[in-house]
Amino acid sequence: MKKLLFISLLAFSFTSASSQAIKQDPQVEAQVEALLSKMTLEDKVGQMCELAIDKVAQKSSDDHVISNKSMQSLAGGMLSAEKVNEAFSTYRVGSILNVPEGIAQKPKVWADVIRTLNSASEFQCGVPELYGVDEIHGASYVWGATLFPQEVSQGASFNKNIPYRIGQITAYESRASLIPWVYSPVMDVARSPLWSRMWESFGEDWHVNAIMASQLTRGLQGDDPNHLGMNNVAACLKHYLAYGAVISGKDRTPSSVTYREMMEKYFQPFRTCIEAGALSFMVNSGNNSGMPFHANHKLLTEWAKEGLNWDGMIVTDWGDIDNLWKRDHVAANKKDAICMAINAGIDMTMDPYSTDFCTLLTELVNEGRVPMSRIDDAVRRILRLKIRIGLMDRSTWDIPYERVKGMKKKDKTLVEMYPDFGSEKFAQEAISMAEECMVLLKNKDNVLPLKQGSKLFVCGPNADNFRPMNGGWSYTWQGHMADSVCRAIGKYHTFYTALANKFGKDNVEFSEMVKYDMTPEMWRNDMQVPEILIEDGNRTIDKINRADVIVACIGENSYCETVGNIDDLTLSQNQLDMVKALAQFGKPIILVLNEGRPRIIADIEPLANAVVHTFLPSNYGGDALANLLAGDANFSGRLPYTYPKYHGSFITYDCKPAEFVETMEGAYNYEAHTVVQWPFGHGLSYSDVKYTNFKLTHQPTTIGTAVATCGFSPATAAGPQFAEGDMLTFTVDVTNSSNRAVKEPVLLFVSDLVATLTPDVKRLRAFDKVELAPGETKTVTFKVAPSDLSYVNEDMQWILEPGQFRATCGNESVTFELK
């Protein structure tokens with residue numbers, strides 16, 4: 001057994017008590033206290049309540065028109081004056097969420113609604129309301145905004161600049177609609193490929209989620225979390241904590257993660273984003289080993305608020321305080337559930353259709369079951385968030401959408417302030433991003449890129465449909481209206497139409513062959529044309545015979561949350577049969593995967609000459625795919641998760657040795673080898689990239705008043721030795737030996753060869769992406785602190801042990817030793 005190099009109780013997990021995650025501005029804090037001092041208990045409790053827009057609307061999201069015709073309407077008929085007055089005057093509600101009428105609205109409608117609500121709230125409560133929207137791949141609830149690849153696609157890019165830029169544009173186009181708060185980024189480390197929200201995360205690795213989510217946070221909020229600018233919105237991280245580690249693979253079901261692993265892996269993306277300035281987070285709807293996250297004082301208060309000295313705000317997910325008593329049975333009734341959640345650390349409840357929370361929490365305070373200090377703490381956090389966004393300055397939201405009679409020339413409209421909304425400039429950036437997010441998984445005999453003039457037969461349920469290209473949270477909750485909205489906007493291209501534009505309409509023919517049932521709840525039921533190769537007689541067969549290459553676009557329809565729960569990852573039988581039938585024609589087949597999680601295709605992968613994974617590329621994915629297949633752009637994506645080969649054989653790349661390839665000796669072969677279709681980090685390009693001269697150097701750093709020294713030990717041939725405090729510096733030469741420019745993701749893995757607790761096979765410790773011209777060599781440098789190689793032991797202590805480690809980069813490796 002190794003001797004411990006050092007033990008430090010949560011030393012690498014929490015900032016010190018004297019260090020704030022966000023350095024407070026005294027002026028902001030004074031404004032918070034001034035507002036708080038004027039509030040009654042009812043005012044404070046109201047601030048802690050968040051209602052859905054349906055609760056104050058004339059028309060609900062299911063298009064049910066309110067029958068009381070005597071109600072006055074506001075904001076162009078969207079809002080009920082009577083309901084708005086009740087929310088703010090009677091209950092002093094602090095926040096509204098969701099999209100009016102359940103579908104994306106134009107910027108003018110958004111601006112009218114939010115301006116009206118803010119004015120009413122300011123008049124009745126003295127504080128504007130805080131409007132929140134689920135926008136996770138662009139301003140996806142704003143008609144005409146620029147939508148980008150979903151987070152799983154962004155993870156595949158391994159380009160840290162992509163989520164940062166997406167955050168900037170999302171914030172810009174949201175503020176063009178007066179939306180100030182978005183429920184993004186999602187950093188749920190997706191450990192189950194069955195999980196219906198896998199596509200909302202950056203993949204299965206905690207480090208990728210931490211880096212990409214923190215970049216997205218910075219893009220959304222800007223550089224000063226105390227004073228967001230007019231091009232910024234507040235981020236709301238989600239879902240705290242271990243939401244992607246569900247045992248069953250079903251949404252909102254329990255996890256069973258030890259606190260040790262929770263700290264080491266799942267907590268780190270949230271910590272990284274909080275240290276990057278994140279102003280709020282949303283809580284996991286499930287429970288861990290029987291403890292609901294919404295009632296977990298240790299995680300909400302001790303780890304996040306106190307441990308990180310973080311002054312941000314915590315909001316529940318949809319109706320989750322009710323789940324404490326209705327579903328989880330840890331409370332006898334709603335009042336007890338509210339008491340439990342607020343005392344655990346919840347600051348704002350998303351209680352979408354009920355104001356009971358306000359009445360019941362007021363009673364709890366008067367009864368002494370919830371201390372006033374807890375109420376004041378929660379409301380401070382809510383007011384602080386509103387002030388940091390700028391809502392207390394009326395000039396940040398009382399802005400007309402376009403010029404009206406009587407406006408002063410110096411006063412600007414939203415149209416004038418945000419001229420790049422939905423612009424061609426943003427569209428070109430989205431195409432470029434989508435190109436980097438697609439992964440070439442297979443390219444037998446270099447069938448790709450396709451030659452100009454090639455005749456293509458394009459088919460499959462995903463070939464000519466914007467809904468699966470976008471996924472959920474796109475114009476509607478389930479994304480089920482995406483195809484209609486995109487065709488109405490009229491400037492986007494599906495996979496089929498983009499390929500027709502690229503290779504010539506006369507060279508590209510199309511037949512859907514398999515189609516989806518497009519109702520929201522029936523997303524996974526694809527309906528097959530009765531005769532798989534028959535469409536109006538023998539037309540489909542004739543199209544295939546005329547083609548040089550078959551492009552089969554397969555995968556999933558859009559879904560979101562629990563609606564997307566499935567029992568089997570295998571691709572639908574209709575689609576498998578379609579590809580098998582196509583293979584009978586003897587033409588090269590390119591499989592284009594368009595799916596939010598890895599659907600099993602082991603039966604048809606051998607039939608394909610090439611496989612391209614597009615994930616969920618959104619509205620510009622068609623253009624990106626066409627550019628890549630034509631060779632006008634080069635593939636540079638890598639898998640952000642392990643792609644399983646069999647339904648009963650799931651594994652993550654950072655598994656334990658017993659799960660992977662080790663074999664026990666004895667009379668029987670106890671091999672635990674797990675076969676995968678493609679490993680984490682796999683991806684091809686059109687270029688030949690070589691890794692050479694992988695080296696490890698070091699640089700002493702100061703620890704307190706001491707300077708650590710290090711050197712090479714003649715006693716071992718393992719390689720360089722390092723002491724506590726040294727910075728490990730890895731360098732590798734990356735060469736593009738081809739005649740095509742390429743962007744190469746460079747991934748650094750480290751394996752702890754012996755540890756007190758069984759180590760993971762390997763862990764990603766750093767990554768970068770470099771652009772290489774033909775024939776160019778660049779040296780990539782990674783700096784890794786030895787403390788990054790530590791782990792959490794069973795006593796909840798971060799420890800770093802001496803001994804040998806192996807680092808790998810590409811096909812290169814180096815072994816080193818920590819003293």
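This is a predicted model: local features need pLDDT of at least 70, side-chain atom pairs count only at pLDDT 80 or more; totals for chains, interfaces and linings use all residues.
Q: How many helices and strands are in the chain?
A: The chain has 22 helices and 35 strands, taken as DSSP runs numbered from the N terminus (helices H or I, at least four residues; strands E, at least two).

Q: What share of the chain is buried?
A: Of its 819 residues, 62% count as buried, meaning under 20% relative accessible area with a 1.4 Å probe, protein chains only.

Q: Which residues of α12 are buried?
A: In helix α12 (residues 356-366) they are F357, C358, L360, L361, T362, L364 and V365.

Q: And what do they pack against?
A: The buried residues of α12 pack against α2 (41-47), β2 (49-52), α10 (320-326), α11 (334-344), β13 (349-350) and α13 (372-389), where contact means heavy atoms within 4.5 Å.

Q: What follows α12?
A: G368 follows α12, with a positive phi near 85°.

Q: Changing topic, where is G277?
A: G277 lies in the loop between α8 (259-275) and β9 (280-283).

Q: Why does G277 count as buried?
A: Because its relative accessibility is 3%.

Q: Which residues does G277 touch?
A: Not counting residues up to four places away in sequence, G277 touches I22, Q221 and P225.

Q: How far apart are G277 and A21?
A: G277 and A21 are 256 residues apart in sequence and 7.0 Å apart in space, C-alpha to C-alpha.

Terms used:
Residues are numbered from 1 along each chain as its sequence is written. Side-chain values use heavy atoms; hydrogens and water are left out. Buried means under 20% relative accessible area, exposed over 50%, partly exposed in between (1.4 Å probe, protein chains only).
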